[in-house]
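Student: I have a model open and would like to go through how its inside is put together. Can we take it topic by topic?

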Amino acid sequence: MSSDDPCLSLHPETLAIRAGRETSEYREHSQSLQLTSSFTFDSAAQAAAMFLGEIDGFTYSRFTNPTVSAFQQRLAAMEGAERAVATSTGMAAIQATMLTLLKSGDHIVSSRSLFGSTINLFNGVLAKFGVETSYVDAANLDAWRAAIKPNTKVFFLETPSNPLTDLADIAAVAAIAHEAGALLVVDNCFCSPALQQPIKLGADLVVHSATKYLDGHGRVMGGAVVGSDKLVEQVYLHVRTAGPSLAPFNAWVLLSGLETLHLRMEKHSANALALAQWLQQQPAVEKVFYPGLPDHPHYALAQRQQKSGGAVLSFQVKGGREAAWKVVDAIQLISRTANLGDVKTTLTHPASTTHARITPEARANAGITEGLLRVAVGLEHIEDLKADLLRGL
Ligand SMILES: *Cc1c(COP(=O)(O)O)cnc(C)c1O
């Protein structure tokens, strides 16, 4: 087995196709799928050296595997980072990161608007082990500063937020974290490295749900933690011990997903922008939330920080829940599901699904109105998407 150079001088589109390859003695052109739990050694001395980490090599697939290693190398190159470690899911990536960086008595400052399971991980699992979390409005830099405590170790954020697409200024939040001696972890699931590279903006670690845009076709679960060699080595040691490792088959599927990531994100974004502009003109629509629209409150930051507005938009219809549900019930092409990151467009009513279990006051605070709908825009023809939404508008 041999691995390619990180080829860091190449363009991202090229890295997505050429970086990170592990070839066997058969010199296969496509990345091979190595379905094996363990690997053999030439000698007792070689086995000993590999287990001690004195020489590189594959020992056991909970540690790593050639197909998984190829995925890790390619994703790291695409994020402009030194190293990545793959995990079984996105939540496993976040859990492994937090259990590596934190101990009992430590404190997290996090953006308020987070993926639901991440909130449950912080408030349920981590709180049980004595790790406390304070939540702030991600766009408010003074709020990040004010939330710092002597035991703050980690800042955590998602940008753009789900479903209202508010942005956090990654470089500014990273500076505040570093001043406080804390690390910044960014969940880059919504943009993917094709649109946003948080490490280059000062983030210390990026976590991914590879289940979403990295796969891009809704096929497999996966996750990853990306960053400096030093930090990722610590997370890797946790993953190989605790065991939330990525399956080789899933890595093999994800590698082909990465090859088309830039093309897909470009088209997802173009479709989302066109749909956002069209929705703004519909008399039944009160408001559209999309960072690619010039009247979005964080448009200037989006222009600077992201390559495009991204694939996800939300819009508010006039007439509250009744009118919103009418749109959901009328679609015939778009999928009624809460998932995202797929070539297929999906439509969700956040107030009654993803955000149903929080109190009405918390929902109102977060801006999740009864008339709000979220679209994760896929790759279908834009006219078919408009026609389908028009049925219920
Ligand atoms: C889906 C998602 C996750 C969790 O990923 P899984 O692969 O489902 O475990 C984390 N963060 C964001 C923003 C997500 O959308």
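Student: Which residues in the largest nonpolar core touch the most other members?
Tutor: This is a predicted model, and in it the largest nonpolar core has 38 residues, of which Phe71, Leu75, Tyr213, Val226, Leu246 and Leu261 touch the most other members.

Student: And which element gives the most to this core?
Tutor: That is α3, with seven residues, while the elements that each supply at least two residues also include β3 (83-87), β9 (223-227), α10 (248-259) and α11 (261-280). Domain 1 (6-259) and domain 2 (261-390) each contribute at least three residues to this core.

Student: What is Val226 in contact with, leaving aside its neighbours within four places in sequence?
Tutor: Its contacts include Leu75, Ala76 and Glu79, as well as Ile199, Leu205, Val206, His208 and Val232.

Student: Switching to pockets, how much space lies in the largest one?
Tutor: About 1200 Å³, and of the 48 residues that line this pocket, Leu114, Phe115, Gly116, Ile119 and His355 are the closest to its centre.

Student: Where does the largest share of that lining come from?
Tutor: It comes from α5, which gives five residues, and the other elements that give two or more are α4 (90-101), β8 (205-209) and α14 (360-365).

Student: How does the lining split by class?
Tutor: The lining of the largest pocket has 21 nonpolar, 19 polar and eight charged residues, and at least three of its residues are drawn from each of domain 1 and domain 2.

Note on methods: Residues numbered from 1 in each chain as written. Predicted model: local features only at pLDDT ≥ 70, side-chain atom pairs only at ≥ 80, totals over all residues. Heavy atoms only, no water. 1 Å grid on protein atoms, 1.4 Å probe; cavity = no way out; pocket = protein on both sides within 12 Å on 5 of 7 lines; lining within 4 Å. Points joined across faces, edges and corners; volume = space filled by probe spheres on them. Helix = DSSP H or I, 4+ residues; strand = E, 2+ residues; numbered from the N terminus. Nonpolar A, V, L, I, M, F, W, Y, C, P; charged D, E, K, R; others polar. Domains from an automatic or database assignment. Core = buried A, V, L, I, M, F, W, Y, C linked by side-chain atoms within 4.5 Å. Buried < 20%, exposed > 50% of the residue type's maximum accessible area, 1.4 Å probe, protein only. Contact = heavy atoms within 4.5 Å.
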